[in-house]
Amino acid sequence: MRILVIGGSVFLGRAIVEEALRRGHDVTTFNRGVSSPDLPGVTAVHGDREVPADLDRLAESGTWDRVIDVCGFTPSVVLDGVRRLNGRAPHYTFISSISAYPEWPGISGVDESSPRHDCPPDATTGEYGVLKAGCERAVEEYFDGGALIINPGLILGPHENVGRLPWWLTRIQRGGRVLAPGDPALPMQLIDARDIAAFTLDQAELATTGRYFTSGVPGNTTFGDWLNLCVETTASDAELVWVDDQFLLDHDVQQWSELPLWYAASPDATGVWTPSSAKAAAAGLTCRPVRETVQDTWAWLRDIPIPDRSFSARILSHGIDPDKEASILSEWDNRPR
């Protein structure tokens, strides 16, 4: 097939392109050519999706059997691209997020039938999850063809550009006493970008429509097992020191960002690790062991010099300041017993 990937040079987009090339597809990527080099084997069209002339040039460059949009964050921008690509392909896959659902992470068992954020398809500003819901509507309501929506959960894997697993691996590689947050027995639900890529292409090839949560296998690891895997994989002398949720909150540790993937137990976080991928699993989603994800991420990361490991999300930087970590550990050691 001829596949157009909007994005396609970093993390999940990169994984989708690699898998599509492995399957023998003819892949065109459209991105700014700034974030990362184009993968060998693609036809690269460089441009900014926020620039109408660049979108016109893309639309005029060819026709495709499938479009896979990995980097849509603003509904009005996605809508503009959809309108220009109408008639250039019969099927459009949009990679969204579980954050498009307001009941996550507060409610357990959120799935495809849960309500989405109320956001129009031409919105220009708003919060991340709200805007993702608007992007979905731009594709569903205005693309003249089949529309498939993929809602990933927490994604890890090689080439992660958000900085969650890479930060933990780098911190644990440094060794010493490591601040480990909350309950080590907390069940998690992690998924590898490569498994989402394979499932997305499976469904795109079939011209499937509708939506799928791709959040992985419930309880496929615990926080303790996951961090111990990081210690084992890096062959570090790190000692994990588990500190209670409330103690961390009392010391102003920012959830999800300063200690990546940590969310303190509360009614507002009941469902953080329990979204349902049952529909996707029934359609063929398979997930590799978390151990493989950790090991492969380390195999990619370990050859990058530590000063060059600059990973940040669009808004938040990840990782706690070393002095703050040391201070909290000292106060934890000296707390009243």
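Me: What covers the buried residues of H4?

Reply: Good place to start! This is a predicted model, and in it the cover over the buried residues of H4 includes helix H3 (75-85), strand S5 (91-95), strand S6 (146-152) and strand S11 (210-214). The buried residues of H4 are Gly129, Leu131, Lys132, Ala133, Gly134, Cys135, Glu136, Arg137, Ala138 and Val139.

Me: What makes H5 count as largely enclosed?

Reply: Look at how many of its residues are buried. Helix H5 covers residues 165-174, and eight of its ten residues are buried, so the rest of the structure largely encloses this helix. The buried ones are Leu165, Pro166, Trp167, Trp168, Leu169, Thr170, Arg171 and Ile172.

Me: Why is Thr297 called buried?

Reply: A residue is buried when its relative accessible area is under 20%. Thr297 has 0% relative accessibility, so it counts as buried. You can find Thr297 in helix H10 (residues 290-301). Leaving out residues up to four places away in sequence, it touches Gly157, Pro158, Leu165 and Leu169. Leu165 and Leu169 are among the buried residues of H5.

Me: And why is Glu60 called exposed?

Reply: Here the cut-off is over 50%. Glu60 has 65% relative accessibility, so it counts as exposed. Glu60 sits in helix H2 (residues 52-60). Its C-alpha atom is separated by 62 Å from that of Ser330, 270 residues apart along the chain.

Me: What makes His159 partly exposed?

Reply: Partly exposed is the range between the two cut-offs, 20% and 50%. His159 has 26% relative accessibility, so it counts as partly exposed. It lies in the loop between strand S7 (154-156) and H5.

Me: Where is Ala235, and is it buried or exposed?

Reply: Ala235 is in the loop between helix H7 (223-234) and strand S13 (239-243). Its relative accessible area is 70%, so it is exposed.

Me: Why is Ser236 called buried?

Reply: Try the cut-off of under 20% again. Ser236 has a relative accessible area of 16%, so it is buried. Ser236 is in the loop between H7 and S13. Setting aside its neighbours within four places in sequence, Ser236 is in contact with Ile172, Gln173, Gly175 and Val231.

Me: How do you know that Ala264 is buried?

Reply: Ala264 has 3% relative accessibility, so it counts as buried. Its place is the loop between strand S15 (259-260) and helix H9 (278-282). Among residues beyond four places away in sequence, Ala264 touches Asp245, Leu249, Gln255 and Ala269.

Me: What makes the peptide bond between Trp104 and Pro105 stand out?

Reply: Most peptide bonds are trans. A cis bond joins Trp104 and Pro105, with omega about 10 degrees. Pro105 is in the loop between S5 and H4.

Me: How do you know that the radius of gyration of the chain agrees with that of a compact globule?

Reply: For 337 residues, a compact globule would have a radius of gyration near 20 Å, and the chain has 21 Å, so the values agree. Along its principal axes, the C-alpha trace spans about 70 × 40 × 35 Å.

Me: What is the secondary structure of the chain, and how much of the chain is buried?

Reply: The chain has eleven helices and 15 strands. Buried residues make up 53% of its 337 residues. Of the contacts with a separation of 6 or more, 76% are between residues 24 or more positions apart.

Terms used
Residues numbered from 1 in each chain as written. Predicted model: local features only at pLDDT ≥ 70, side-chain atom pairs only at ≥ 80, totals over all residues. Heavy atoms only, no water. Helix = DSSP H or I, 4+ residues; strand = E, 2+ residues; numbered from the N terminus. Rg over C-alpha atoms; globule rule 2.2 N^0.38 Å. Buried < 20%, exposed > 50% of the residue type's maximum accessible area, 1.4 Å probe, protein only. Contact = heavy atoms within 4.5 Å.
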